[in-house]
Amino acid sequence: DDPRTGALQQTSETRDSKVQFLVDEIAKLNLLEVAQLVTALKQTLNLPDTAMMGAPMMAAPAASAPSAASAESDAEPEITQTIFDIVLKSFTTDKKVGIIKEVRNIYKLGLKEAKALVEKAPCTLQAQAPKIEADEIKAKLEAAGAEVALD
């Protein structure tokens with residue numbers, strides 16, 4: 001019946017939600033940003049390189065500094081883009097109304113705003129969209145008759 005037990009559970013739940021929030025935010029980063037984050041955390045927390053060896057973002061454990069540098073340079077070409085700008089390139093006039101409706105639904109815009117955005121084509125509809133979201137939006141807009149590019 002210790003009153004600290006309730007506080008301990010509450011702290012644990014708060015910590016769990018904080019951790020989950022951070023995990024969700026980190027999951028949105030690309031590999032280069034994750035590597036920068038790991039480096040910044042090591043420096044800020046004064047952690048040795050071996051402290052982060054079990055991190056899932058490490059492709060291979062580093063046995064020595066030269067092999068770590070060569071592994072890093074070998075891994076660079078494998079970095080894939082995970083964040084995209086969604087660009088409305090063009091559309092046919094007969095599909096304009098359907099595209100405006102789709103843009104309204106996707107971005108929760110009013111008719112006037114969606115129409116103005118579509119008429120500015122080619123234009124960026126959304127910057128810094130995660131790959132999954134960008135692919136879904138591209139598919140919806142292409143189904144409506146738009147030509148969309150992910151940059």
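Predicted model: local features only at pLDDT ≥ 70, side-chain atom pairs only at ≥ 80, totals over all residues.

Trainee: Fine. How many helices and strands does the protein chain have?
Mentor: The protein chain has 6 helices and 3 strands.

Trainee: In what order do the elements run from the N terminus?
Mentor: They run α-α-α-β-α-α-β-α-β.

Trainee: How much of the protein chain counts as buried?
Mentor: 19% of its 151 residues.

Trainee: And the contacts, what share comes from residues 24 or more positions apart?
Mentor: Take the contacts with a separation of 6 or more. Residues 24 or more positions apart make up 65% of those.

Trainee: On to packing. At what angle do helix 4 and helix 6 pack?
Mentor: About 155°. Helix 4 covers residues 96–107 and helix 6 covers residues 131–143, and their axes are 9 Å apart. Angles over 145 degrees count as roughly antiparallel, so helix 4 and helix 6 get that label.

Trainee: Which residues make that contact?
Mentor: Helix 4 brings I99, E102, V103, I106 and Y107. Helix 6 answers with I137, K140 and L141. By class, the contact of helix 4 with helix 6 has 6 nonpolar, no polar and 2 charged residues.

Trainee: What about helix 4 and helix 5, at what angle do they cross?
Mentor: Roughly 120°, with the axes coming within 9 Å. Helix 4 and helix 5 are therefore oblique to each other. Helix 4 passes helix 5 in a right-handed crossing.

Trainee: Who meets whom there?
Mentor: On the helix 4 side, K96, I99, I100, V103 and R104. On the helix 5 side, L111, A114, K115, L117, V118 and E119. That contact holds 7 nonpolar, no polar and 4 charged residues.

Trainee: Now the core. Which residues of the largest nonpolar core touch the most other members?
Mentor: The core has 20 residues, and I86, L88, I99, V103, Y107, L125 and L141 touch the most other members.

Trainee: Which elements supply at least two residues of this core?
Mentor: Strand 1, helix 4, helix 5, strand 2, helix 6 and strand 3 each do. Helix 4 gives the most, with 5 residues.

Trainee: Change of topic. Where is S90?
Mentor: In strand 1. S90 counts as partly exposed because its relative accessibility is 29%. The C-alpha atoms of S90 and V148 are separated by 7.3 Å, though the two are 58 residues apart along the chain. With residues up to four places away in sequence set aside, S90 touches A146 and E147.

Trainee: Which peptide bond is cis?
Mentor: The one from A121 to P122, with omega near 0°. P122 is in the loop between helix 5 and strand 2.

Trainee: Last one. What is the phi of K108?
Mentor: Positive, about 55°, although K108 is not a glycine. K108 is in the loop between helix 4 and helix 5. With a relative accessible area of 70%, K108 is exposed.

Trainee: And Q128, is it buried or exposed?
Mentor: Exposed, at 56% relative accessible area. Q128 lies in strand 2. Its phi is positive too, about 60°, although Q128 is not a glycine.

Key. Residues numbered from 1 in each chain as written. Heavy atoms only, no water. Axes fitted to C-alpha atoms, helices over the stretch in contact; angles between N-to-C directions. Helix = DSSP H or I, 4+ residues; strand = E, 2+ residues; numbered from the N terminus. Parallel < 35°, antiparallel > 145°, perpendicular 65-115°, else oblique. Contact = heavy atoms within 4.5 Å. Nonpolar A, V, L, I, M, F, W, Y, C, P; charged D, E, K, R; others polar. Core = buried A, V, L, I, M, F, W, Y, C linked by side-chain atoms within 4.5 Å. Buried < 20%, exposed > 50% of the residue type's maximum accessible area, 1.4 Å probe, protein only. Left-handed = near helix turned anticlockwise from the far one by under 90°.
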